[in-house]
Amino acid sequence: MLDPSFVERLIEIIGKEYVHSDRVSLLSYSYDATPNYQSLPELIVEPGSTEQISKMVKLCAEFSVPIVPRGSGTNLCAGTVPTKGGIVLLFNRMASILEIDDENLTATVQPGVITQTLSEEVERRNLFYPPDPGSMKISTIGGNISECSGGLRGLKYGVTKDYVLGLTAVMANGEIIQTGGKLAKDVAGYDLTKLLIGSEGTLAVITEAILKLVPKPETKKTMLALFEDIERAAQTVSDIIAARIIPATLEFLDQGTLRAVEDFTHVGLPTNMEAVLLIEQDGHAESVRQDIKRIQQICEMNGASSIQVAATDQEAEQLMTARRTALTALSRLKPTTILEDATVPRSRVAEMVRFVNEVASKYDLMICTFGHAGDGNLHPTCVTDIRNEQEMERVEQAFEEIFGKAIDLGGTITGEHGVGMMKAPYLAWKIGESGIDVMKGIKQALDPHNLLNPGKMFTENARKRIVIKS
Ligand SMILES: Cc1cc2nc3c(=O)[nH]c(=O)nc-3n(C[C@H](O)[C@H](O)[C@H](O)COP(=O)(O)OP(=O)(O)OC[C@H]3O[C@@H](n4cnc5c(N)ncnc54)[C@H](O)[C@@H]3O)c2cc1C
């Protein structure tokens with residue numbers, strides 16, 4: 001229960017119309033895109049400036065009220081579920097593109113800007129902001145930075161951290177800091193920009209960002225290659241990279257996903273294939289033409305059953321639809337869709353997909369896999385029903401084995417979705433107990449009273465790793 005004088009002073013700072021405690025608002029912000037996690041906050045707050053957030057955080061520190069920063073709530077790690085109550089902090093009033101600087105090739109934005117809005121705005125000026133998470137139509141830049149989101153273009157262009165040059169942030173004591181700037185080079189002290197990227201709202205509230213832009217590629221070409229077995233598709237991925245070609249997109253869909261997509265879109269995908277690669281290259285017209293020709297040859301060499309190169313933008317869009325609708329298509333199959341995120345070195349992709357299929361049979365589950373093959377970042381996705389408790393237990397055991405296998409193959413428990421609450425029990429598997437101690441030390445130094453997004457990243461119930469002998 002919040003102290004009435006706290007609420008009174010908060011309203012003085014933020015304004016009555018931007019502080020909500022009605023049941024509908026509290027319920028609306030009690031969950032995010034992660035199935036099976038929910039907890040009620042005590043207040044929803046929509047500040048309008050960095051200064052207001054600074055004053056608000058100071059007040060929260062005085063009254064020990066937790067703060068959960070929240071963009072669009074599309075994270076898949078229960079990162080915005082307010083498990084300790086307190087305030088859910090929204091950025092919908094801080095959603096402006098403040099500047100696009102054509103000389104320095106930067107964009108300065110507030111955290112609530114929608115990723116696609118930024119992308120479209122810079123493309124109108126012949127510039128390019130590459131990070132393109134599948135959720136970009138609704139995700140915010142603040143959320144992308146805080147999760148260090150990747151996307152379909154990650155292989156060639158990198159992920160969000162590669163495009164953040166500077167940040168304005170409010171620390172847990174309410175102090176405002178500025179890191180980096182419109183600078184190509186800056187080694188003045190510790191790299192606080194990088195420290196805050198991917199910190200999942202646990203170290204600071206990000207209130208402004210300076211982002212790097214690049215020139216918009218002149219042209220792009222899209223193609224789809226179908227394979228009768230996963231090994232050949234995986235070998236194709238390795239061979240493309242070995243040929244020193246880095247496609248802008250190199251995505252993978254397995255047979256289960258392919259069937260669900262075809263059933264949903266009816267675009268004519270053959271459902272008897274074990275794997276599909278969706279490949280896009282961008283750049284100067286001539287080099288794109290050469291790369292696509294070479295990629296086609298590599299697909300043929302590896303026995304692709306069919307190769308389709310889009311002749312028009314419209315056809316390219318249709319091919320991309322197969323990948324973009326994967327999650328929607330799968331989520332039609334059962335009431336609950338658990339989209340996971342395990343990454344392995346790209347040379348181990350086929351092995352990992354085979355393992356996911358074995359685990360699915362072992363636990364009698366439907367798990368389909370799609371993802372960023374070029375990055376080795378796979379999304380094993382289980383369609384299930386959270387009302388079936390026995391099945392949910394099997395789902396948990398299956399994913400535990402999948403994360404363990406990813407680690408065994410030299411990979412990680414999450415390539416882009418973050419830790420939040422969901423992966424916290426597994427974090428030590430990746431970074432070890434001493435890694436956890438270092439991270440906890442950083443948290444303790446920056447947020448000693450654990451007010452910023454408490455209950456995330458670290459857990460008291462860490463899982464012991466059961467090593468399965470194969
Ligand atoms: C259909 C679908 C497709 C997806 N595809 C991808 C994908 O391709 N790649 C990928 O990486 N992810 C993907 N995601 C996951 C998700 O969309 C990303 O993590 C995204 O960056 C979250 O943005 P958001 O605005 O929804 O942030 P939220 O979910 O609201 O928040 C995410 C985290 O950031 C923190 N946060 C938000 N704003 C701030 C701020 N201003 N200051 C400090 N902390 C803050 C929150 O506390 C939370 O920990 C997908 C999700 C869905 C549902």
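**View 1. Four strands make an open sheet, ordered 1-2-4-3, with mixed pairing.** Strands here are DSSP runs of E with at least two residues, helices are runs of H or I with at least four residues, and both are numbered from the N terminus. Two strands pair if DSSP finds at least two bridges between them. Strand 1 (19-20) and strand 3 (67-70) are the edges; each has a single partner strand, so one side of each lacks a neighbour in the sheet. This is a predicted model: local features need pLDDT of at least 70, side-chain atom pairs count only at pLDDT 80 or more, and totals for chains, interfaces and linings use all residues. Residues are numbered from 1 along each chain as its sequence is written, and side-chain values use heavy atoms, without hydrogens and water.

**View 2. Strand 2 (residues 43-45) pairs with strand 4 (residues 87-90) in the parallel sense.** Three bridges join the two strands. Leu43 has Ile87 of strand 4 as its bridge partner. Helix 3 (residues 50-63) packs on the sheet and touches strand 2, strand 3 and strand 4. Contact means heavy atoms within 4.5 Å. The direction of helix 3 makes about 170 degrees with that of strand 4. Axes are lines fitted to C-alpha atoms, for helices over the stretch in contact; angles run from 0 to 180 degrees between N-to-C directions.

**View 3. Helix 1 (residues 4-14) lies across strand 1, strand 2 and strand 4.** Helix 1 runs at about 15 degrees to strand 2.

**View 4. Helix 1 meets helix 3, their axes coming within 10 Å.** The axes cross at roughly 170 degrees. The two helices are therefore roughly antiparallel to each other (angles over 145 degrees).

Definitions and conventions
Angles under 35 degrees count as roughly parallel, over 145 as roughly antiparallel, 65 to 115 as roughly perpendicular and the rest as oblique.
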